[in-house]
Amino acid sequence: MELGRNEACHCGLGKKYKYCCLFQDEKAQRISLFDKYAVISDPRDNRGKRYLLKDLLIMVIYGILNDYDDFDSLAFFLKQKESYFKNLLLIEKTPSHDCLSDLFSVMNPKEFMDIFVEWVREIVEKKTGAIIAIDGKAVKSARDKINGGNTPYILSAYLSEVGISIGQSEVDKKSNEITAIPELLKLIDIEGCFITIDAMGTQEDIARKIVEAKGHYVLKVKKNQRKLYEDLRNYFHANTEKSNKIMSMVTNTKVKHGRKEQREYYVTSDVECITHKSKWNTVSAIGMVRVFRETNGTLEIGEHFYIMDTHISLDMFAKTTRSHWNIECGLHWRLDVILNEDRSRNRIGHSIANLSAIRKIVFNLVQIDNSFGKLSFKKKMTMYRTNFHNIERLLFHVIATLSC
């Protein structure tokens with residue numbers, strides 16, 4: 001039974017509840033949904049530890065929602081709103097730049113991402129038949145001039161239809177996306193999903209790993225796989241007009257911003273054209289997209305070739321090839337332009353990966369918040385920044401609805 005404000009407190013000190021443990025209990029109830037993040041190994045020394053891990057995560061989320069992109073500006077923002085956060089989280093004062101920087105630089109990004117993926121799994125229970133786009137993104141302002149000017153890369157997985165991020169992996173500075181993709185595939189659940197990756201990820205080992213994980217792939221083929229590219233190009237050029245083994249579909253002409261565009265889609269299970277069959281032994285279908293684009297009276301024709309592990313319908317082929325680019329405008333553009341990821345200069349230790357994960361938590365929360373009706377992502381951000389009660393509702397009520 002809920003305790004009344006004027007009743008004796010449950011702690012046994014004899015004070016009225018409202019003068020004793022009421023605020024602590026309200027805080028505990030409010031942020032209980034962040035308890036899952038509290039299981040991350042806290043690398044800080046317990047001696048003198050002033051803040052709970054989940055309190056710091058909440059304050060950083062507030063900062064990101066309010067357009068602050070590095071620890072220095074985050075700490076300054078929190079200080080300006082200190083009375084608000086003291087009341088919200090029952091803390092003595094807001095954290096310094098060093099406190100935030102030290103935590104995020106040493107916090108284990110793998111543990112953080114495991115919990116993030118589990119949270120996403122709660123949101124999206126069934127993904128069978130869904131399209132997952134995988135692509136890399138540079139964090140340009142975090143280029144480390146000391147260590148050879150390396151630009152950090154984060155590889156992300158994006159659930160296209162739902163429009164949320166479902167996982168990420170940091171690309172090692174001595175490596176590239178090809179070696180990071182298998183690590184990301186291990187992290188997320190791809191069973192029954194269609195994976196799309198740009199041409200860099202079109203590697204036989206990656207294709208096999210997708211199939212072994214019970215997923216499907218639609219992989220773009222470019223000249224980095226020259227022989228495969230030539231096999232597909234020569235096959236479709238020779239057979240699109242005369243082979244009954246090839247299914248085809250033509251879209252209606254679309255006019256946008258003075259540009260006319262029409263697409264032709266071709267899919268076939270005839271894979272005998274592939275020269276190195278043992279190398280590409282998971283390929284069961286191939287496809288081509290021919291794009292006719294007219295701008296100011298000038299016609300351009302582009303061709304794009306794909307390999308697939310299973311035969312799919314023309315509608316699904318069109319959907320997967322178009323959906324891949326949603327990760328660019330749906331996720332990467334918003335991370336850069338609205339959440340300022342490209343301006344972030346934090347690069348000490350694991351700061352890049354951990355802050356990127358926090359931004360994706362923020363991104364997902366904003367995407368799934370329908371409290372304002374059909375507002376754009378950018379307008380939702382304005383609503384949060386102009387009224388902190390909207391952030392409280394987002395963090396302490398929207399998440400609760402999703403987790404029920």
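This is a predicted model: local features need pLDDT of at least 70, side-chain atom pairs count only at pLDDT 80 or more; totals for chains, interfaces and linings use all residues.
Close-up 1. Ser 156 touches Ala 133, Ile 134, Asp 135, Gly 167, Gln 168, Leu 184, Ile 327, Leu 331, His 332 and Lys 360, leaving aside residues up to four places away in sequence. Ser 156 belongs to strand 2, residues 153-159. Its relative accessibility is 1%, so Ser 156 counts as buried. One of its neighbours, Lys 360, also makes a polar contact with Ser 156, side chain to side chain, at 3.2 Å.

**Close-up 2. Strand 5 and its two pairing partners, strand 4 and strand 10.** Strand 5 covers residues 216-221. Five of its six residues are buried, so the strand is mostly covered, with buried meaning under 20% relative accessible area. Strand 4 (residues 194-197) pairs with strand 5 in the parallel sense, over four bridges. Here Ile 197 has Leu 219 of strand 5 as its bridge partner. Strand 10 (residues 298-308) pairs with strand 5 in the antiparallel sense, also over four bridges. Leu 219 stands opposite Ile 307 of strand 10.

**Close-up 3. Phe 112 and Asn 354.** Phe 112 sits in helix 6, residues 109-123. Phe 112 counts as buried because its relative accessibility is 1%. Its C-alpha atom is separated from that of Asn 354 by 7.4 Å.

**Close-up 4. The salt bridge between Asp 67 and Arg 385.** Side chains of opposite charge can pair when their charged atoms come close. The structure holds 16 salt bridges. In the one between Asp 67 and Arg 385, the closest N and O atoms are 4.0 Å apart. This pair links distant parts of the chain, 318 residues apart. Asp 67 lies in the loop between helix 2 (53-65) and helix 3 (71-80), and Arg 385 in helix 13 (residues 377-386). Asp 67 is partly exposed at 33% relative accessibility. Arg 385 is partly exposed too, with a relative accessible area of 29%.

**Close-up 5. The salt bridge between Glu 183 and Lys 186.** The closest N and O atoms are 3.3 Å apart. Both residues lie in helix 7 (residues 177-187), three residues apart, about one turn of the helix. Glu 183 is partly exposed at 43% relative accessibility. Lys 186 is exposed, with a relative accessible area of 63%.

How values were computed. Residues are numbered from 1 along each chain as its sequence is written. Side-chain values use heavy atoms; hydrogens and water are left out. Buried means under 20% relative accessible area, exposed over 50%, partly exposed in between (1.4 Å probe, protein chains only). Two strands pair if DSSP finds at least two bridges between them. A polar contact is a pair of N or O atoms within 3.5 Å; within protein, one must be able to donate a hydrogen and the other to accept it, and residues adjacent in sequence count only if both atoms are side-chain atoms. Contact means heavy atoms within 4.5 Å. A salt bridge is a side-chain nitrogen of Lys or Arg within 4 Å of a carboxyl oxygen of Asp or Glu.
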